[in-house]
Amino acid sequence: MLILVDMDGVLADHESKLIQRYRERFPDAPYPRLEDRTTWELTDGYPADKHDAVWEIFSGEGFFADLDPMPGAIEAFRDMAADGHDLVICSAPLVRSRWCESEKRHWIEQHLGTGTARDLVLTHDKTLVQGDVLIDDKPAIVGRRIPTWRHVLVDQGYNRDVELPRIARDWSNWRDVLGRI
Ligand SMILES: [Mg+2]
C-alpha cells in the first residue's frame with residue numbers, strides 16, 4: 001500500500017516536548033499532563049495567561065528539530081517499509097514558525113534517512129495527496145477533495161471520540177490494524 005504518514009503526534013512526540021519545555025520555562029505554573037490533553041487545541045490545559053508563551057515555545061527555533069520519536073514509531077516505519085509498503089511522510093507545517101519546515105526535513109533525515117526526506121510532502125490540505133492510507137492523529141481531516149486514502153489514527157487523548165481504525169500510541173498493533181484495511 002501507499003501509506004502517507006503524519007509527523008507530529010504520529011512519528012514525533014510534540015506534546016511531550018511542549019510540556020517539557022513549558023515546565024523548564026515555568027517550573028511553578030500549572031501544566032497539563034499528557035492524559036489531560038483531550039482536545040486538539042494546542043493550548044488547552046495550560047493557564048490562559050500562558051497561551052502566548054505556549055505558542056512561542058512551539059514556534060521557536062529548534063523545537064521541531066529536537067522532538068523525540070514517538071515510542072516504537074521509527075521501528076514501525078522501518079518495518080512497514082520492510083513489509084513492502086511505500087511510505088511518504090505528509091505533514092502540515094506550522095506557518096507561524098520560520099524554522100518548522102526545514103527542521104521537519106532535518107528530523108526525517110536524522111531519524112529515517114535522506115531518501116525519506118526527499119519525498120516529504122508539506123501541506124495543510126492532505127486531501128490533495130493520493131494514497132491508500134493516511135496515518136494521522138488529527139481527529140477529522142477535510143479539504144478540497146474527497147480523500148483517496150483511509151484515515152487511520154494514532155491514539156491520542158484528543159482523538160478518542162472518533163471511530164476510525166486506531167494504532168496504539170506506541171505503534172505496537174500497527175500490523176494488525178493495517179492488516180484489516
Ligand atoms: Mg499530527
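Visitor: Before we start, what do buried and exposed mean here?
Guide: Buried means under 20% relative accessible area, exposed means over 50%, and partly exposed lies in between, with a 1.4 Å probe and protein chains only. The model is predicted, so local features need pLDDT of at least 70 and side-chain atom pairs count only at pLDDT 80 or more, while totals for chains, interfaces and linings use all residues. Residues are numbered from 1 along each chain as its sequence is written, and side-chain values use heavy atoms, with hydrogens and water left out.

Visitor: Is Asp8 buried or exposed?
Guide: Asp8 is buried, at a relative accessible area of 13%. Asp137 is also buried, with 1% relative accessibility.

Visitor: New topic. Which residues touch the most other members of the largest nonpolar core?
Guide: Leu11, Ile135 and Trp171 do, in a core of 44 residues. A nonpolar core is a set of buried Ala, Val, Leu, Ile, Met, Phe, Trp, Tyr and Cys residues joined through side-chain atoms within 4.5 Å.

Visitor: Which helix gives the most to this core?
Guide: Helix 3 (residues 73-82) does, with five residues. Domain 1 (2-13 + 69-179) and domain 2 (14-58) both contribute residues, so the core lies between them. Those bounds come from an automatic or database domain assignment.

Visitor: How many residues of each domain are in contact?
Guide: Twelve residues of domain 1 are in contact with eleven of domain 2, where contact means heavy atoms within 4.5 Å. The domain centres, taken over C-alpha atoms, are 23 Å apart.

Visitor: And where does Lys17 lie?
Guide: Lys17 lies in helix 1. Lys17 is buried yet has no salt bridge, and Asp68, the nearest side chain of opposite charge, is 4.2 Å away. A salt bridge is a side-chain nitrogen of Lys or Arg within 4 Å of a carboxyl oxygen of Asp or Glu. For charge, Lys and Arg count as positive and Asp and Glu as negative; His and the chain ends are not counted.

How values were computed. Helix = DSSP H or I, 4+ residues; strand = E, 2+ residues; numbered from the N terminus.
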